[in-house]
Amino acid sequence: MARVLVVEDDQFVRSALIRHLTDASHIVRSVGTALEALREVAHVRFDVVILDLGLPDLDGSEALKMLRGITDVPVIVATARDDETEIVRLLNAGADDYLTKPFSVEHLSARMAAVLRRARSGAGEGEPSPVIRVGGLTVDPLRRQAELDGARLDLTRREFDLLAFLAGRPGVVVPRKELLAEVWQQSYGDDQTIDVHLSWLRRKLGETAANPRYLHTLRGVGVKLEPPGAEVPR
């Protein structure tokens with residue numbers, strides 16, 4: 001059971017989502033505007049937000065940025081916009097996942113389950129993870145903080161999860177399917193999501209794909225994190 005906020009102005013779609021999520025034993029609240037959504041998340045703790053982009057008062061992508069300013073709740077964007085540039089923009093704005101309309105309730109359930117698994121495993125109890133150090137990079141999984149050469153890195157939740165997973169396996173080539181399964185908790189997906197997050201991480205680590213320092217992509221194999229100066233095969 002999860003606490004879900006549905007942000008959708010189409011009454012037919014909104015009612016269908018509420019009915020489906022309620023039947024699945026989730027606690028559902030719904031609003032029809034971006035400003036109402038911001039008020040809700042400011043006062044109620046949700047497990048996931050399903051955010052439509054075509055809102056009457058504010059473009060959903062702008063609403064997403066504003067949500068990210070006040071909460072780290074997982075957000076699944078529901079959009080009819082399916083071009084690559086738009087998807088990258090949504091991920092860059094802080095979306096955890098996206099669904100292209102029209103979508104089935106089964107597809108929504110699968111995406112929600114994946115997002116919730118990841119969020120809950122990140123907050124799960126257990127033995128404190130040791131601080132990871134790779135070159136000048138320091139990752140503290142317990143405090144969810146990362147530093148590069150002593151400077152704090154400003155990372156989103158997913159960026160941190162990806163960095164921590166790779167840093168915990170320095171020198172190991174991690175297949176993309178494993179990244180999807182372990183970081184995104186998905187058994188399927190496209191490489192675009194991984195590439196986008198790697199691009200953001202590279203920028204924050206002061207590197208590029210053409211001139212990597214820590215993050216190295218091995219074509220057709222996977223991704224590898226190495227300290228600067230380590231020899232990485234091409």
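Predicted model: local features only at pLDDT ≥ 70, side-chain atom pairs only at ≥ 80, totals over all residues.

Trainee: At what angle do the axes of helix α2 and helix α3 cross?

Mentor: Two packed helices are described by the angle between their axes and the distance between the axes. Helices (H or I, at least four residues) and strands (E, at least two) are DSSP runs, numbered from the N terminus. Axes are lines fitted to C-alpha atoms, for helices over the stretch in contact, and angles run from 0 to 180 degrees between N-to-C directions. Here, the axes of α2 (residues 34-43) and α3 (residues 60-70) cross at roughly 15 degrees and come within 10 Å. The two helices are therefore roughly parallel to each other; angles under 35 degrees count as roughly parallel, over 145 as roughly antiparallel, 65 to 115 as roughly perpendicular and the rest as oblique.

Trainee: Which residues of α2 and α3 meet?

Mentor: Contact means heavy atoms within 4.5 Å. From α2, Ala34, Ala37, Leu38 and Val41 meet Ala63, Met66, Leu67 and Ile70 of α3. By class, this contact has eight nonpolar, no polar and no charged residues; Ala, Val, Leu, Ile, Met, Phe, Trp, Tyr, Cys and Pro count as nonpolar, Asp, Glu, Lys and Arg as charged, and the others, Gly among them, as polar.

Trainee: Which residues in the largest nonpolar core touch the most other members?

Mentor: In soluble globular proteins, nonpolar side chains tend to be buried together. A nonpolar core is a set of buried Ala, Val, Leu, Ile, Met, Phe, Trp, Tyr and Cys residues joined through side-chain atoms within 4.5 Å. Buried means under 20% relative accessible area, exposed over 50%, and partly exposed in between (1.4 Å probe, protein chains only). The largest core has 28 residues, of which Leu137, Val139, Leu163, Leu166, Leu179 and Leu225 touch the most other members. Its largest share, seven residues, comes from α6. Another core, of 26 residues, lies apart from it and includes Val7, Ala37, Leu64 and Leu91.

Trainee: How many residues of α6 are buried?

Mentor: In α6, 11 of its 11 residues are buried. Among them are the charged residues Arg157, Arg158, Glu159 and Asp161.

Trainee: Is His197 buried or exposed?

Mentor: His197, placed in helix α8, is buried, with a relative accessible area of 3%. Not counting residues up to four places away in sequence, His197 touches Leu91, Arg158, Glu159, Leu162 and Trp184.

Trainee: Which residues have a positive phi although they are not glycines?

Mentor: Arg144 has a positive phi of about 55 degrees, and Asp149 also has one of about 55 degrees. Arg144 lies in the loop between β7 and β8 and is partly exposed, at 33% relative accessible area. Asp149 is found in the loop between β8 and β9 and is exposed, at 57%.

Trainee: Where is Pro102 found?

Mentor: Pro102 is found in the loop between β5 and α5. The peptide bond from Lys101 to Pro102 is cis, with omega near -5 degrees.

Terms used. Residues numbered from 1 in each chain as written. Heavy atoms only, no water.
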